[in-house]
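Here is a short report on selected features of one protein model. Please keep the sequence and the 3D view open while reading.

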Amino acid sequence: MRLGNSNKSTRTQHADQNHLGDAKLILVKRRTRLEELVVRYNTVQQAQFYIERLGADFSDYIEEDRRYRRSVQQAQHQLGQLGRVQTIDREHVPNFIFGEHDIVVVVGQDGLVANTLKYVTEQPLIGVNPDPMRWDGVLLPFTVEDLKMIIPDVMRKQRSLKEVTLAKVELNDGQFLYGVNDLFIGRKTHVSARYEVRLGSSVEQQSSSGIIVSTGLGSTGWFKSVLAGAAGIVGSEAWKHMHINDDVNAVSPVTRGNKMGNFGWDAPYLYFTVREPFPSRTTAVNLVFGQVHPKQPLRIVSQMPEDGVIFSDGVEQDFLEFNSGVEATIGLAEKRGRLVV
């Protein structure tokens with residue numbers, strides 16, 4: 001009996017090892033601040049001259065770069081013992097084709113995790129903090145040392161996954177873009193944007209500095225800051241002494257309390273808010289906040305002759321042009337992100 005159990009255990013271990021050896025592990029990394037400076041100024045010495053001339057501490061750039069490179073090398077070593085590893089840089093993620101059974105490991109800050117998550121499909125994603133003493137990361141629960149334990153658990157489906165609702169914008173010309181945290185709709189220069197906005201049966205002509213559409217994951221970021229500003233204004237003594245139309249004097253319940261609009265990462269809805277809406281003879285400020293769900297998408301028609309854009313997750317370089325006549329439909333994405341926790 002003991003001999004039989006021992007053989008079974010050995011066979012299971014061998015099967016697991018074979019499975020691990022056949023796995024494809026995608027390691028995503030980014031440029032450090034130092035590497036970005038070298039791209040701009042050609043050499044480390046010239047970058048140092050520029051930074052120190054401004055009175056900043058260049059040694060911090062050196063130390064950050066050293067720690068990040070070491071973390072990436074350690075991650076490559078850990079993953080190399082568990083399966084086939086392919087390392088890709090952040091700028092190549094949008095064009096990379098992830099395999100169905102790939103496991104994605106992101107070494108970087110929260111922004112890199114979010115930027116990667118919108119390009120994967122069903123692949124589990126592991127966020128690794130390369131420097132816990134420097135970075136605070138909501139999406140970076142693990143260190144490099146954790147990988148040797150986490151990867152086998154994920155392969156055997158013994159690790160919990162947290163689903164994340166994504167936003168999706170589709171244009172009437174067929175282009176589309178996903179958002180993990182949020183979508184921005186407005187002018188490239190962030191000056192006044194003109195458009196028609198429709199939610200359910202409500203339609204309005206607006207002029208504003210843009211619209212933010214947030215997922216639950218992004219509700220603690222840009223979206224929260226916009227709501228915090230609005231709530232702070234409405235709650236101030238100065239506001240109470242102003243004589244302004246009561247129609248714009250209400251604060252949505254989502255801004256009340258300590259949560260300030262936060263909602264679950266897997267919530268089956270999005271929220272939108274309009275930044276700095278301007279009332280005039282031709283533009284109104286009534287449809288400035290609301291919930292977006294499968295039965296109630298948000299539709300926006302651009303009235304901007306140029307510089308109209310839609311981008312996601314703060315990455316302005318990855319955008320859709322949104323100029324006069326183009327219609328955008330915003331709702332929940334057909335896919336969800338899967339974060340390892």
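## Strand β11 and its partners

In which sense do strands β10 and β11 pair, and over how many bridges? Strand β10 (residues 211-214) pairs with β11 in the antiparallel sense, over four bridges. Within this pairing, valine 213 stands opposite phenylalanine 272 of β11. The model is predicted.

β11 also pairs with strand β12 (residues 289-292). That pairing is antiparallel too and runs over four bridges. Leucine 270 has valine 292 of β12 as its bridge partner. Tyrosine 271 stands opposite glutamine 291 in β12.

## Burial of β11

How many residues of β11 (270-274) are buried? Five of its five residues are. Both faces of the strand are covered. Leu270, Phe272 and Val274 are buried on one side. Tyr271 and Thr273 are buried on the other.

## The sheet

β11 belongs to an open sheet of six strands. The order is β12-β11-β10-β7-β14-β15, and the pairing is antiparallel. β12 and β15 (319-321) are the edge strands; each has a single partner strand, so one side of each lacks a neighbour in the sheet. From one strand to the next, the twist averages 20°.

Helix α7 (residues 222-234) packs on this sheet. α7 touches β7 (182-187), β10, β11, β12 and β14 (308-312). The direction of α7 makes about 50° with that of β11.

## Helix α2

Which residues of helix α2 (33-41) are buried? They are Leu34, Leu37 and Tyr41. These residues cover an arc of only 60° around the axis, which puts them on the same side of α2. What covers them includes α3 (44-53) and α4 (58-80). Just after α2 comes asparagine 42, with a positive phi of about 80°.

## Packing of α4 on α6

Two packed helices are described by the angle between their axes and the distance between the axes. For α4 and helix α6 (residues 147-155), the angle is about 45° and the axes lie 9 Å apart. That angle makes α4 oblique to α6. The crossing of these two helices is right-handed.

Which residues make the contact? From α4 come Ala75, Gln78 and Leu79. From α6 come Leu147, Lys148 and Ile151.

Note on methods: Residues numbered from 1 in each chain as written. Predicted model: local features only at pLDDT ≥ 70, side-chain atom pairs only at ≥ 80, totals over all residues. Heavy atoms only, no water. Buried < 20%, exposed > 50% of the residue type's maximum accessible area, 1.4 Å probe, protein only. Arc of directions from axis to C-beta. Contact = heavy atoms within 4.5 Å. Pairing = 2+ DSSP bridges. Axes fitted to C-alpha atoms, helices over the stretch in contact; angles between N-to-C directions. Parallel < 35°, antiparallel > 145°, perpendicular 65-115°, else oblique. Left-handed = near helix turned anticlockwise from the far one by under 90°.
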